[in-house]
Amino acid sequence: MSPELIILFVSTVLLIMGVYFWQKGSHLLKHGKKAQAVVFSNNFEASDNGGVYYPVVRFLTDKQEWITQELNFGTNPKKPEGTKLQVIYDPENPTEVQIDSTFMLEILPRIFAALGVMGLVFVTLEVLEIINTIP
(Lines give C-alpha, C1' and ligand atoms only; values in the text may rest on other atoms or scores of the structure.)
Protein backbone atom coordinates (compact mmCIF):
# COMPACT_ATOMS: atom_id res chain seq x y z
CA MET A 1 0.00 0.00 0.00
CA SER A 2 1.38 3.40 -0.95
CA PRO A 3 2.30 5.94 1.72
CA GLU A 4 -0.20 8.40 0.22
CA LEU A 5 -3.09 5.97 0.74
CA ILE A 6 -2.05 5.29 4.32
CA ILE A 7 -1.85 9.02 5.09
CA LEU A 8 -5.17 9.58 3.32
CA PHE A 9 -6.86 6.84 5.37
CA VAL A 10 -5.42 7.98 8.73
CA SER A 11 -6.21 11.64 7.97
CA THR A 12 -9.79 10.83 7.02
CA VAL A 13 -10.30 8.82 10.21
CA LEU A 14 -8.82 11.64 12.32
CA LEU A 15 -11.02 14.22 10.61
CA ILE A 16 -14.19 12.16 11.07
CA MET A 17 -13.38 11.43 14.72
CA GLY A 18 -12.51 15.07 15.37
CA VAL A 19 -15.73 16.40 13.83
CA TYR A 20 -17.85 13.76 15.62
CA PHE A 21 -16.36 14.45 19.05
CA TRP A 22 -16.38 18.21 18.42
CA GLN A 23 -20.12 18.13 17.68
CA LYS A 24 -20.80 15.84 20.65
CA GLY A 25 -18.79 18.09 22.98
CA SER A 26 -20.48 21.23 21.64
CA HIS A 27 -23.90 19.66 22.20
CA LEU A 28 -23.02 18.74 25.79
CA LEU A 29 -21.59 22.19 26.51
CA LYS A 30 -24.69 23.88 25.11
CA HIS A 31 -27.44 21.58 26.45
CA GLY A 32 -25.75 19.47 29.12
CA LYS A 33 -26.17 19.49 32.87
CA LYS A 34 -23.27 19.24 35.29
CA ALA A 35 -23.18 16.83 38.20
CA GLN A 36 -20.77 15.56 40.81
CA ALA A 37 -19.94 11.91 40.10
CA VAL A 38 -18.07 9.26 42.04
CA VAL A 39 -15.95 6.49 40.51
CA PHE A 40 -17.94 3.40 41.41
CA SER A 41 -15.66 0.80 39.80
CA ASN A 42 -13.27 0.27 36.90
CA ASN A 43 -13.74 -2.10 33.96
CA PHE A 44 -10.48 -3.53 32.61
CA GLU A 45 -10.08 -4.08 28.89
CA ALA A 46 -6.98 -6.09 28.01
CA SER A 47 -4.88 -5.30 24.96
CA ASP A 48 -1.47 -6.22 23.58
CA ASN A 49 0.03 -3.24 25.45
CA GLY A 50 -1.35 -4.36 28.82
CA GLY A 51 -4.79 -2.82 28.95
CA VAL A 52 -6.89 0.14 29.96
CA TYR A 53 -9.27 0.78 32.84
CA TYR A 54 -12.61 2.39 31.99
CA PRO A 55 -14.06 4.20 35.03
CA VAL A 56 -17.68 3.49 35.90
CA VAL A 57 -19.20 6.57 37.50
CA ARG A 58 -22.39 7.08 39.48
CA PHE A 59 -24.17 10.43 39.72
CA LEU A 60 -27.53 11.98 40.50
CA THR A 61 -29.35 13.85 37.71
CA ASP A 62 -31.32 17.05 38.20
CA LYS A 63 -34.46 14.83 38.13
CA GLN A 64 -33.09 12.90 41.13
CA GLU A 65 -32.35 9.75 39.09
CA TRP A 66 -29.22 7.73 39.86
CA ILE A 67 -27.16 6.95 36.76
CA THR A 68 -24.29 4.45 36.71
CA GLN A 69 -22.35 4.62 33.47
CA GLU A 70 -18.97 3.55 32.10
CA LEU A 71 -17.03 6.46 30.63
CA ASN A 72 -15.90 6.14 27.03
CA PHE A 73 -12.24 6.84 27.70
CA GLY A 74 -9.81 4.72 29.60
CA THR A 75 -6.88 5.36 31.89
CA ASN A 76 -3.92 3.44 33.17
CA PRO A 77 -3.50 3.31 36.10
CA LYS A 78 -7.12 2.98 37.13
CA LYS A 79 -8.93 5.78 38.93
CA PRO A 80 -9.37 4.87 42.60
CA GLU A 81 -12.91 3.98 43.63
CA GLY A 82 -14.52 6.88 45.48
CA THR A 83 -12.72 9.51 43.39
CA LYS A 84 -15.01 12.48 42.75
CA LEU A 85 -15.31 13.84 39.22
CA GLN A 86 -17.27 16.69 37.69
CA VAL A 87 -19.27 15.30 34.76
CA ILE A 88 -21.58 16.76 32.16
CA TYR A 89 -24.50 14.73 30.81
CA ASP A 90 -27.25 15.09 28.23
CA PRO A 91 -30.54 15.62 30.14
CA GLU A 92 -32.47 13.89 27.34
CA ASN A 93 -30.16 10.86 27.55
CA PRO A 94 -28.34 10.86 30.91
CA THR A 95 -26.22 7.87 29.92
CA GLU A 96 -24.41 10.21 27.49
CA VAL A 97 -21.87 11.43 30.01
CA GLN A 98 -18.37 12.89 29.80
CA ILE A 99 -15.93 14.30 32.30
CA ASP A 100 -16.44 18.06 32.34
CA SER A 101 -13.05 18.89 30.84
CA THR A 102 -12.26 21.63 28.34
CA PHE A 103 -9.46 19.46 26.96
CA MET A 104 -11.71 16.43 26.30
CA LEU A 105 -14.75 18.38 25.06
CA GLU A 106 -13.11 21.11 22.99
CA ILE A 107 -9.34 20.94 22.52
CA LEU A 108 -8.74 17.25 21.70
CA PRO A 109 -11.50 17.07 19.04
CA ARG A 110 -10.07 20.18 17.37
CA ILE A 111 -6.58 18.69 17.40
CA PHE A 112 -7.91 15.52 15.71
CA ALA A 113 -9.78 17.59 13.09
CA ALA A 114 -6.75 19.80 12.44
CA LEU A 115 -4.42 16.81 12.04
CA GLY A 116 -6.92 15.25 9.64
CA VAL A 117 -7.15 18.40 7.53
CA MET A 118 -3.36 18.81 7.49
CA GLY A 119 -2.92 15.20 6.35
CA LEU A 120 -5.50 15.61 3.59
CA VAL A 121 -3.84 18.84 2.39
CA PHE A 122 -0.45 17.12 2.44
CA VAL A 123 -1.68 14.14 0.41
CA THR A 124 -3.45 16.43 -2.07
CA LEU A 125 -0.28 18.47 -2.59
CA GLU A 126 1.74 15.26 -2.93
CA VAL A 127 -0.64 13.73 -5.49
CA LEU A 128 -0.76 16.95 -7.51
CA GLU A 129 3.07 16.92 -7.39
CA ILE A 130 3.19 20.40 -5.90
CA ILE A 131 5.44 18.93 -3.25
CA ASN A 132 7.43 15.71 -3.48
CA THR A 133 8.50 14.45 -0.07
CA ILE A 134 7.52 10.78 -0.21
CA PRO A 135 10.00 8.69 -2.22
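**Exercise 1. Which residue of E2 is the bridge partner of Ser41?**

Before you start: this is a predicted model, where local features need pLDDT of at least 70, side-chain atom pairs count only at pLDDT 80 or more, and totals for chains, interfaces and linings use all residues. Residues are numbered from 1 along each chain as its sequence is written, and side-chain values use heavy atoms, with hydrogens and water left out.

*Solution.* Start with the names: helices (H or I, at least four residues) and strands (E, at least two) are DSSP runs, numbered from the N terminus. Look in E2, and you'll find that Ser41 has Val56 as its bridge partner. Now zoom out: E1 and E2 run antiparallel and are joined by 8 bridges. Two strands pair if DSSP finds at least two bridges between them.

**Exercise 2. Work out the strand order of the sheet and find its edges.**

*Solution.* Walk across the open sheet of 5 strands and you read E3-E2-E1-E4-E5, with antiparallel pairing. Then look for strands that pair on one side only: these are E3 (66–70) and E5, the edge strands.

**Exercise 3. Check the length of helix H1.**

*Solution.* First, the rule: the expected span is 1.5 Å times one less than the number of residues. H1 (residues 3–31) has 29 residues, so it should span 42 Å. Next, compare: the end C-alpha atoms of H1 are 42 Å apart, which agrees.

**Exercise 4. Which residues of H1 are buried, and what covers them?**

*Solution.* Buried means under 20% relative accessible area, exposed over 50%, and partly exposed in between (1.4 Å probe, protein chains only). By that test, Ser11, Leu14, Gly18, Lys24, Gly25 and Leu28 are buried in H1. Their cover includes strand E4 (84–90), strand E5 (93–99) and helix H2 (102–127).

**Exercise 5. Classify two aromatic pairs: Tyr20 with Phe21, and Phe59 with Tyr89.**

*Solution.* Rings of Phe, Tyr and Trp (its six-membered ring) pair if their centres lie within 6.5 Å; planes under 30 degrees apart are stacked, over 60 edge-to-face, and the rest tilted. A search of the whole structure gives 3 pairs. For Tyr20 and Phe21, the centres are 5.1 Å apart and the planes are at 70 degrees, so that pair is edge-to-face. Tyr20, at 46% relative accessible area, is partly exposed, and Phe21, at 30%, is also partly exposed.

Phe59 and Tyr89 have 5.2 Å centre to centre and 35 degrees between planes, making a tilted pair. Phe59 sits in strand E2 and Tyr89 in strand E4, 30 residues apart. Both Phe59 and Tyr89 are buried.

Key:
Contact = heavy atoms within 4.5 Å.
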